[in-house]
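Please examine the sequence and the three-dimensional structure shown below. The paragraphs that follow proceed from the overall architecture to individual residues.

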Amino acid sequence: MRNARLAVALGGILLPYTARLLPGGGGGIAPYVEQGLPAILFLEAFNAVAWGSIVACSFLYRDPVALLGPALLGFGYVGWAHYALDLSADAQAGLGVVFIPLYALPLIAVGGALGYVLDRRWRKRDAE
């Protein structure tokens, strides 16, 4: 499970940048890194809300496969939102960096509940 948590953390840290590297990804990676280390740390501080909640869900599970629920739903939304975010569109577009991880929390909660139910069923099956 420790390796799964590490994979979630590393994937979550790199997700905003990799989503923007895809063709057509919101103007490329430059708007996220051109302001230097303070801007990167600001982005990652808010991004930690999303991947940190997925790591928190992992403490409810015994089977690492159960992490797929919150990870797919949460990272799917975060990746899509960073891909679609165009920071040059408007002066307030930068607020998206703050709200994207917050808007992902309900999806992570749904995925976490689904993963919890599946993990409990797998535990019962293994106990029999």
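**From the whole chain to single residues**

The protein chain contains five helices and zero strands. Read from the N terminus, its elements follow the order α-α-α-α-α. The model is a predicted one. Along its principal axes, the C-alpha trace of the protein chain spans about 60 × 25 × 20 Å.

Some totals describe the chain as a whole. The accessible surface of the protein chain amounts to about 7300 Å², and 70% of that area belongs to carbon and sulfur atoms. The chain has 128 residues, of which 37% count as buried. Contacts also show how the sequence folds back on itself: among the contacts in the protein chain with a separation of 6 or more, 74% are accounted for by residues 24 or more positions apart.

Two packed helices are described by the angle between their axes and the distance between the axes. Helix H1, which covers residues 2-21, packs against helix H3, residues 37-58, at an angle of about 145 degrees, and their axes are 9 Å apart. The crossing of H1 and H3 is right-handed. On the H1 side, the contact is made by Arg5, Val8, Ala9, Gly12, Ile13, Pro16 and Tyr17. On the H3 side, the residues are Ile40, Leu43, Glu44, Asn47, Trp51, Ile54, Val55 and Ser58. Sorted by class, the contact of H1 with H3 has 10 nonpolar, three polar and two charged residues.

The next topic is the interior. In soluble globular proteins, nonpolar side chains tend to be buried together. The largest nonpolar core of this model has 22 residues, and those that touch the most other members are Val8, Tyr32, Ile54, Leu67, Phe75, Val78 and Ile108. Two or more residues of this core come from each of H1, H3, helix H4 (68-84) and helix H5 (96-127). The element that gives the most to this core is H3, with five residues.

Which residues does phenylalanine 75 touch, not counting residues up to four places away in sequence? They are Val8, Gly11, Gly12, Leu15, Trp51, Ile54 and Pro70.

Proline 23 lies in the loop between H1 and helix H2 (30-33). Proline 23 counts as exposed because its relative accessible area is 71%, and the limit for this class is over 50%. Between proline 23 and glycine 112 there are 31 Å in space, C-alpha to C-alpha, and the two are 89 residues apart in sequence.

Alanine 113, by contrast, lies in helix H5. Its relative accessible area is 42%, so alanine 113 is partly exposed. Alanine 113 and alanine 66 are 47 residues apart in sequence, while their C-alpha atoms are 9.8 Å apart in space.

Definitions and conventions:
Residues numbered from 1 in each chain as written. Predicted model: local features only at pLDDT ≥ 70, side-chain atom pairs only at ≥ 80, totals over all residues. Heavy atoms only, no water. Axes fitted to C-alpha atoms, helices over the stretch in contact; angles between N-to-C directions. Helix = DSSP H or I, 4+ residues; strand = E, 2+ residues; numbered from the N terminus. Left-handed = near helix turned anticlockwise from the far one by under 90°. Contact = heavy atoms within 4.5 Å. Nonpolar A, V, L, I, M, F, W, Y, C, P; charged D, E, K, R; others polar. Buried < 20%, exposed > 50% of the residue type's maximum accessible area, 1.4 Å probe, protein only. Areas by Shrake-Rupley, 256 points an atom, 1.4 Å probe, with all protein chains shown as cover. Core = buried A, V, L, I, M, F, W, Y, C linked by side-chain atoms within 4.5 Å.
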